[in-house]
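Reader: Hey, can you walk me through this one? I'd like to start with the ligand site.

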Amino acid sequence: MLQHEHFDVVVIGGGPAGTSAAILLAKAGKHVVLFERSAFPRFHIGESLLPACWEIWRRLGVTTKIEAEGFTVKQGINFGMFNQKPDVVLLTAEYPEYFERPYTYHVERARFDEILLEHAEECGVIVRREWSVSEVLFEDGLAIGVTAGPNNKLATTIYSLVVIDASGRDSLIARKLGWRQPLPDLNKVSHFTHFKGAFRRNPHDIVTFGEVIDGSVTTDIHTIDGGWVWYIPLRDNITSVGVVLDTRYSKKLGDSPQTCFDKAIANCNCVSDWLSEATQIMDIKTISSIGYLNEHFHGDGFVLVGDASMFVDPVFSAGVTLAMRSGVLAADAILDGFANGRDFSADRLSQYEKCIRKPMDNIFKMIYNWYRILERKDANNIILRSRQIPMLREQFIVLLSGGYDKVTIKQILAAADEPTSTYLIK
Ligand SMILES: Cc1cc2nc3c(=O)[nH]c(=O)nc-3n(C[C@H](O)[C@H](O)[C@H](O)COP(=O)(O)OP(=O)(O)OC[C@H]3O[C@@H](n4cnc5c(N)ncnc54)[C@H](O)[C@@H]3O)c2cc1C
């Protein structure tokens, strides 16, 4: 007779959200299995991290491994707004007291995610690579396990006390329960690729505050017609370049992703110049309908973490940091359930959703306002004004370094002396 396996916790997906949750639960002695559909290392977009990651890495015990990798050091963000020179350069080192370290990294996600997955295994997580979860099993609304198996082979039932859905944009549970809500106001599409040999600025020209770390860079964000461009220098002379466009605008540019990308980049003088000697080394990849927000992030016996719960927009590079943070908060809520008679009811797990909604809310509002700024091409917008108003500058730097529970959009508007009606406070 077929013996079904039983675990304390099943984790679906080995991205940063899933591994963060799995690591903390395994370290606390729980019997955790993690299913990852892909063969690692695998390409993934999401290369610019935030300084708020340090405290998460410390909790996971993975700091030394990440430091040893020698990823490209990111000291801040450079905004090129409507060609209003000079660019707005926001460096975490200007307000170092808010974070464990005043810098972070640009990472190749293939390697970064692999480090986390290997660390999970070392911490005792049973990792099943190239295994897909086809279904989450429910009994009277309570998640009781999953159906999973090696890719293209027979799946079996695996029981658990709790299921963590960390399946990324697939959002396995939210789609099944009809919780996934698109965000029509943010109907964006992204086309992106990698280049070799693109221009690198001298860090001494951009890092005008604090210690200039050898070889360090900033994430560059430049506005263009219909959206914006990212320019993220990585190791080995490789640069990640992507455009995020209003979907209707992108369709007007052409049918093929390569044409849309080329035409959008041609609208950005500085990035066009930086790429003039470079070679594109990857086919264009496209992600459409970028933003969605699920109605709920938890239920009886399950939680949704990272992109499986929501994703709004990549402009402030919040995805990986929020994903890891949601994994940590979910693990904390589940451990609380273990400490309280193995109570994994929706009621007990609701603390997770309360904790993660607050930081998400702040970055969401900022993202909505970013697109308002782009629509108006407001030459006096709050990002440009952060050059003159020190309090506003401080709050932006904290927010854009990942301090989502350290500042609010209301504080930002107050510092800018802006009536809240000017900007969207949803
Ligand atoms: C255009 C774009 C640019 C971005 N740029 C940035 C950036 O610069 N910085 C940043 O921080 N974030 C960025 N992001 C966001 C970032 O990519 C995500 O927020 C982050 O990867 C979320 O991590 P996760 O662990 O939730 O999901 P993922 O990293 O997507 O991991 C989910 C994992 O689950 C696995 N999986 C899925 N379904 C199953 C299944 N049924 N069974 C088993 N395994 C399964 C997948 O193979 C995958 O490995 C960007 C996003 C987009 C769309």
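**Around the ligand**

Author: α10 gives the most to the shell around the ligand, with four residues. Helices (H or I, at least four residues) and strands (E, at least two) are DSSP runs, numbered from the N terminus. Before we go on: this is a predicted model, where local features need pLDDT of at least 70, side-chain atom pairs count only at pLDDT 80 or more, and totals for chains, interfaces and linings use all residues. Residues are numbered from 1 along each chain as its sequence is written.

Reader: Ok, which residues come nearest to the ligand?

Author: Gly13, Gly15, Gly168, Gly306 and Gly319, out of 39 residues around the ligand. A residue is near if its C-beta atom, placed from the backbone, lies within 6 Å of the molecule.

Reader: And by class, what's in the shell?

Author: The shell has 17 nonpolar, 17 polar and five charged residues. Ala, Val, Leu, Ile, Met, Phe, Trp, Tyr, Cys and Pro count as nonpolar, Asp, Glu, Lys and Arg as charged, and the others, Gly among them, as polar.

Reader: Where does the shell lie relative to the domains?

Author: Domain 1 (5–62 + 110–182 + 292–362) and domain 2 (72–106 + 188–287) both give residues to the shell, so it lies between them. Those bounds come from an automatic or database domain assignment.

Reader: Switching topic: β12, buried or exposed?

Author: Mostly covered: eight of the eight residues of β12 (217–224) are buried, meaning 20 or more other C-beta atoms lie within 10 Å of a residue's own. Val217, Thr219, Ile221 and Thr223 are on one side, with Thr218, Asp220, His222 and Ile224 on the other.

Reader: What about the hairpin of β12 and β13?

Author: There are two residues between the strands, and Gly226 takes a positive phi near 80°.

Reader: Last one: what does α13 pack against?

Author: The buried residues of α13 pack against β3, β4, α11, α12 and α14. Among those buried residues are Leu392, Phe396 and Leu400. Gly402 follows α13, with a positive phi near 105°.

Technical notes. Buried ≥ 20, exposed ≤ 12 C-beta atoms within 10 Å, placed from the backbone. Contact = placed C-beta atoms within 7 Å. Pairing = 2+ DSSP bridges.
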